[in-house]
There are 2 protein chains.
Amino acid sequence: MSIEQFIAENPSFIFEGDSLPFPVHKRSFKRNEIVTGMGQTESKVYFIISGIAEIDIFKEGFNRIIDFYFPNSFFCALTSFLLQKPSEAEIIALTDLEVEYLDHADIQKAYQTSLLANQLGRHLIEQAYLVKFQREKDFLTKTADIRYLDLMKVRPELLKLLPVHKIAEYLGIHPESLSRIRKAIIPNIRQG
Amino acid sequence: MSIEQFIAENPSFIFEGDSLPFPVHKRSFKRNEIVTGMGQTESKVYFIISGIAEIDIFKEGFNRIIDFYFPNSFFCALTSFLLQKPSEAEIIALTDLEVEYLDHADIQKAYQTSLLANQLGRHLIEQAYLVKFQREKDFLTKTADIRYLDLMKVRPELLKLLPVHKIAEYLGIHPESLSRIRKAIIPNIRQG
């Protein structure tokens, strides 16, 4: 799917005229290539055509995975993009990655006159807010076991695609703890 | 300040025609009155003309203050508003409160056709996202002492207006810990 198709398929966006209110560019990243480096000011919003991206922060010497992004979704280092300040997060291509992207300057220009650009921007930031709220609440209220079970339910493809240490980083636990959880949970699931 | 003045004073909002793209209503709340109750679906966005509001969650039997809202700012139980699901947070009037408000249905209607409504919605949710990001980061990276010092710097009016137990709830610490921090910090500041 392309950005244009993504917009066309969502009935809450109103297409004005024949074309999008901003230029769309294309590029690709190799597996493990840095999309947005730490300290870099985010100047783009990306849309994944194929592949997976990962956003990380480093805290107390440990890498923490904030989120993964899959095809047909937008991503960027959002706080850096909004404030136009150096990013405290890093985005890397977890697999080879084909993307479309929009430039910050083109988006700001479109925001001044385009209903569609504002509808899209508002929708994407609403989604980002809700994801952040849910993840914050999960960390406050759910144990690691429950967070792992939720992940199995909501994103089973993640567990197939990712090595165990990546899943542990995403859940915010040590790989050894994840192994214990998996051993404890899997027989229970088979019996249940 | 009113919603109309708030919009007129921000150059990134484009006024279309003479009037706002949604009806604006007015009401007042008495001190300690509930604005949005837990379990209630948020149907309004409020703008404070005078007074202070507080948003709380209850977690493990403790009240946690998520944020305070001051004059000339918007607030609502945002996740509930966006998802139109029962709120997990509660908003109360910390003082007598004069507000203007917009209805969810009017906003959704305006989003379909109004550039201004989308610009405003996008701006407000961007701000909400940034506040949430900053607070999450503060909890992850700053000690209670530093969070209290930051609060003294950034929102000194809060320390004058609020009783100590409210400040402690906002910082996520016990009132006794806050007293210790204040005693330890205040002489240092006077000497420094």
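**View 1. Area buried between the two chains.** Chain B and chain A bury about 2,700 Å² between them, and carbon and sulfur atoms account for 67% of this area. On the chain B side, the residues that lose the most area to chain A are B:Arg122, B:Tyr129 and B:Lys132, which together make up 24% of what that side buries. The model shown in this and the following views is a predicted one.

**View 2. Residues and polar pairs across the interface.** The contact draws 27 residues from chain B and 27 residues from chain A. Four residue pairs in polar contact are found across the interface of chain B and chain A, with both residues of each pair at pLDDT 80 or more, whereas the count of salt bridges between the two chains is zero.

**View 3. Elements of chain B that face chain A.** Helix H2 (78-83), helix H3 (104-113) and helix H4 (115-141) of chain B are the elements that give two or more residues to the side touching chain A. Of these, H4(B) supplies the largest share, 15 residues. By residue class, the side of chain B that touches chain A comprises twelve nonpolar, seven polar and eight charged residues.

View 4. When neighbours within four places in sequence are left aside, B:Ser2 is in contact with B:Phe47 and B:Glu100.

Conventions. Residues are numbered from 1 along each chain as its sequence is written. Chains are lettered from A and ligands numbered from 1 in the order in which they are written. This is a predicted model: local features need pLDDT of at least 70, side-chain atom pairs count only at pLDDT 80 or more; totals for chains, interfaces and linings use all residues. Side-chain values use heavy atoms; hydrogens and water are left out. Contact means heavy atoms within 4.5 Å. Buried area is the accessible area (1.4 Å probe) that two parts lose on being put together, summed over both. A salt bridge is a side-chain nitrogen of Lys or Arg within 4 Å of a carboxyl oxygen of Asp or Glu. A polar contact is a pair of N or O atoms within 3.5 Å; within protein, one must be able to donate a hydrogen and the other to accept it, and residues adjacent in sequence count only if both atoms are side-chain atoms. Helices (H or I, at least four residues) and strands (E, at least two) are DSSP runs, numbered from the N terminus. Ala, Val, Leu, Ile, Met, Phe, Trp, Tyr, Cys and Pro count as nonpolar, Asp, Glu, Lys and Arg as charged, and the others, Gly among them, as polar.
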